[in-house]
Amino acid sequence: MGVEMTKSEIRKEIIKKRDSLSEEEQRTKSRLIFESLVQIDEYKEAAGVLVYASLGSEVRTDDIILDCLAVGKKVYCPKVTDRKNGQMLFVRINSIDELKEGFAGIREPEIIENSEIFRGIAAFNDHHVLVLVPGVAFDYSRNRIGYNGGFYDRFLEKNKEVKTIALAYDLQVVDFEIPSEEHDIKPDKMITENALIS
């Protein structure tokens, strides 16, 4: 795998590698990532955490969601509202059981009449909000390749005040620079099972 590959080729290659991890490896690595995350200030100080509900071989987030709920953080999960234009809303959940299979098999909250939607950090009275960013591939400069929908880039463009941390396995971090475009937004930090990259 090298720098001459297109984003689409890198995406395909890394997903293949990630999918080759056994259930046990995914569990162990995800647990190490969780243990690193809960130690860092951005997580400890966050009053609200916007977190994807993991699917397939992604870094697992259920432990993170459960920990946030247990310590009294507000938890919001993404709900795709306009697939064509890459739009999503983050909807507050009070239990992991509120996530139901939705767009592309992803577990999502449902939007009902009294749903609390994340509308920006103003509602948090100067407290931090942390977004945990998924992705397929990253480099050591924190450039990111997502799933090609542009959902997170669009959301983060409108919510620049939030802190962002990407979660990934070591095998998702490539040793060459990923080509980036103007609209691509880098996470502030990345956590893998063996490293904190900032």
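The sulfur of Cys68 sits 9.2 Å from the closest cysteine sulfur, the one in Cys77, so the two are too far apart for a bond. This is a predicted model, and its disulfide count comes to zero. Salt bridges are another story: searching the whole structure turns up 11 of them.

**Cysteines**

- How far is the sulfur of Cys68 from the closest cysteine sulfur? The gap is 9.2 Å, to Cys77, while a disulfide calls for sulfur atoms within 2.5 Å.
- Looking from the other end, Cys77 is in no disulfide either, and its nearest cysteine sulfur is that of Cys68.
- As a reminder, a disulfide is a covalent bond joining the sulfur atoms of two cysteines.
- Is Cys68 buried or exposed? Cys68 counts as buried, at 0% relative accessibility.
- Cys77 is buried too, with a relative accessibility of 0%.

**Arg60 and Glu23**

- Arg60 pairs up with Glu23 in a salt bridge, and their closest N and O atoms are 3.0 Å apart.
- That pair links distant parts of the chain, 37 residues apart: Glu23 belongs to helix α2 (residues 23-37), and Arg60 is in the loop between β1 (46-51) and α4 (62-70).
- Arg60 has a relative accessible area of 25%, so call it partly exposed.

**Asp62 and Arg107**

- Asp62 makes a salt bridge with Arg107, with 2.8 Å between the closest N and O atoms.
- Because Asp62 lies in helix α4 and Arg107 in strand β5 (residues 107-108), this pair ties together parts that are 45 residues apart in sequence.
- Asp62 is partly exposed at 28% relative accessibility, and Arg107 is partly exposed with a relative accessible area of 24%.

**Arg92 and Glu116**

- Which residue does Arg92 meet in a salt bridge? Its partner is Glu116, at 3.2 Å from N to O.
- Here again the pair links distant parts of the chain, 24 residues apart, with Arg92 in strand β3 (residues 87-93) and Glu116 in the loop between β5 and β6 (128-133).
- Arg92 comes out as partly exposed, at 26% relative accessibility.
- Glu116 gets the partly exposed label as well, with 29% relative accessibility.

**A salt-bridge network**

- Which residues are linked in a network of salt bridges? Arg31, Glu35 and Asp63 are linked that way.

Key:
Residues numbered from 1 in each chain as written. Predicted model: local features only at pLDDT ≥ 70, side-chain atom pairs only at ≥ 80, totals over all residues. Heavy atoms only, no water. Salt bridge = Lys/Arg side-chain N within 4 Å of Asp/Glu carboxyl O. Helix = DSSP H or I, 4+ residues; strand = E, 2+ residues; numbered from the N terminus. Buried < 20%, exposed > 50% of the residue type's maximum accessible area, 1.4 Å probe, protein only.
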